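The sequence and the structure are shown first, and the description follows.

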Amino acid sequence: MNSMDYAIQTEIDGTVFYSEQANLYKGTTLFKVFTILAKEEHQHEIVLCRILSDSFSELPDDGTMPNTNTIFSNLDDFKDEIRTNPKQIEVYRLARDMEQKSVDLYEKMLAEAKTDTEKAVFKYLVGQEKHHYQMMDEFVIRIGRPEEWVESAEFGERVDY
């Protein structure tokens with residue numbers, strides 16, 4: 001499997017994963033967040049497919065990507081060993097971790113890219129996945145702050161949020 005095919009499959013798997021998670025949390029804010037992520041992953045797939053069809057006649061299979069599952073395949077629904085319904089912050093942490101894996105994947109592919117077009121595509125994807133990571137990280141910070149904030153409001157510097 002060449003790197004572009006692997007990237008497309010990763011985006012397809014991401015769309016499926018986030019869609020499944022959205023369905024599990026209908027009626028909650030998690031539904032909205034996972035629906036947005038699923039749509040964006042699908043948009044990445046469309047961009048990759050268009051670039052592949054418009055810019056290339058065929059990518060050679062360079063063997064740099066192992067023929068293994070993508071980071072989203074074989075993932076079960078998020079579960080906690082103790083609770084059957086995970087806290088919202090735990091789900092955001094899982095999504096943040098998945099986005100970091102996507103960033104790492106596309107940064108590796110960017111470093112191995114041979115053409116300017118491949119470099120541009122993977123640079124774009126790195127930026128997109130970093131944006132997703134930052135979004136999830138912001139949710140983790142904002143939702144986790146009440147549980148982690150122990151300082152008295154009377155003392156110390158306050159961080160705006």
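Two residues are in contact when heavy atoms of theirs lie within 4.5 Å. On this basis F34, leaving out residues up to four places away in sequence, touches Y18, Q21, A22, Y25, V91 and A95. The structure is a predicted model, in which local features need pLDDT of at least 70, side-chain atom pairs count only at pLDDT 80 or more, and totals for chains, interfaces and linings use all residues. Residues are numbered from 1 along each chain as its sequence is written, and side-chain values use heavy atoms, with hydrogens and water left out.

**Overall fold**

The chain holds 4 helices and 0 strands; helices (H or I, at least four residues) and strands (E, at least two) are DSSP runs, numbered from the N terminus. In order from the N terminus, the elements run α-α-α-α. Of the contacts with a separation of 6 or more, 78% join residues 24 or more positions apart. Of the 161 residues of the chain, 35% count as buried. Buried means under 20% relative accessible area, exposed means over 50%, and partly exposed lies in between, with a 1.4 Å probe and protein chains only.

**Nonpolar cores**

In soluble globular proteins, nonpolar side chains tend to be buried together. A nonpolar core is here a set of buried Ala, Val, Leu, Ile, Met, Phe, Trp, Tyr and Cys residues joined through side-chain atoms within 4.5 Å. The largest such core has 16 residues, and those with the most contacts inside it are Y18, L30, F34, L37, Y92 and M136. Two or more residues of this core come from each of helix 1 (3–24), helix 2 (29–55), helix 3 and helix 4. A second, separate core has 13 residues, including M4, L48, Y106 and V121.

**Aromatic pairs**

Rings of Phe, Tyr and Trp (its six-membered ring) pair if their centres lie within 6.5 Å; planes under 30 degrees apart count as stacked, over 60 as edge-to-face and the rest as tilted. The count by this rule is 5 aromatic pairs. In one of them, the ring centres of Y25 and F34 are 6.4 Å apart and the planes stand at 35°, so this pair is tilted. Another pair, Y106 and F122, is stacked, at 6.3 Å centre to centre and 20° between the planes. Y106 belongs to helix 3 (residues 88–112) and F122 to helix 4 (residues 116–148), so the pair ties together parts that are 16 residues apart in sequence. Both Y106 and F122 are buried. Ring pairs also link F17, Y18, Y25 and F34 into a cluster.

**Selected buried residues**

| Residue | Relative accessible area |
|---|---|
| Y25 | 14% |
| F34 | 1% |
| A95 | 1% |
| M98 | 2% |
| H132 | 0% |
| E45 | 17% |

H132 is located in helix 4. Not counting residues up to four places away in sequence, H132 touches L37, E40, E41, H44 and E99.

A95 is part of helix 3. Beyond its neighbours within four places in sequence, A95 is in contact with Y18, F34 and M136. The C-alpha atoms of A95 and Y133 are separated by 7.9 Å, although the two residues are 38 residues apart along the chain. M98 is also placed in helix 3. M98 and Y133 are 35 residues apart in sequence and 8.3 Å apart in space, C-alpha to C-alpha.

**Packing of helix 1 and helix 3**

Two packed helices are described by the angle between their axes and the distance between the axes. Axes are lines fitted to C-alpha atoms, for helices over the stretch in contact, and angles run from 0 to 180 degrees between N-to-C directions. The axes of helix 1 and helix 3 come within 11 Å and cross at roughly 170°. Helix 1 is therefore roughly antiparallel to helix 3; angles under 35 degrees count as roughly parallel, over 145 as roughly antiparallel, 65 to 115 as roughly perpendicular and the rest as oblique.

From helix 1, S3, M4, Y6, A7, T10, E11, F17 and Y18 meet L94, A95, M98, E99, L105, Y106 and M109 of helix 3. The residues of this contact divide into 11 nonpolar, 2 polar and 2 charged. Ala, Val, Leu, Ile, Met, Phe, Trp, Tyr, Cys and Pro count as nonpolar, Asp, Glu, Lys and Arg as charged, and the others, Gly among them, as polar.
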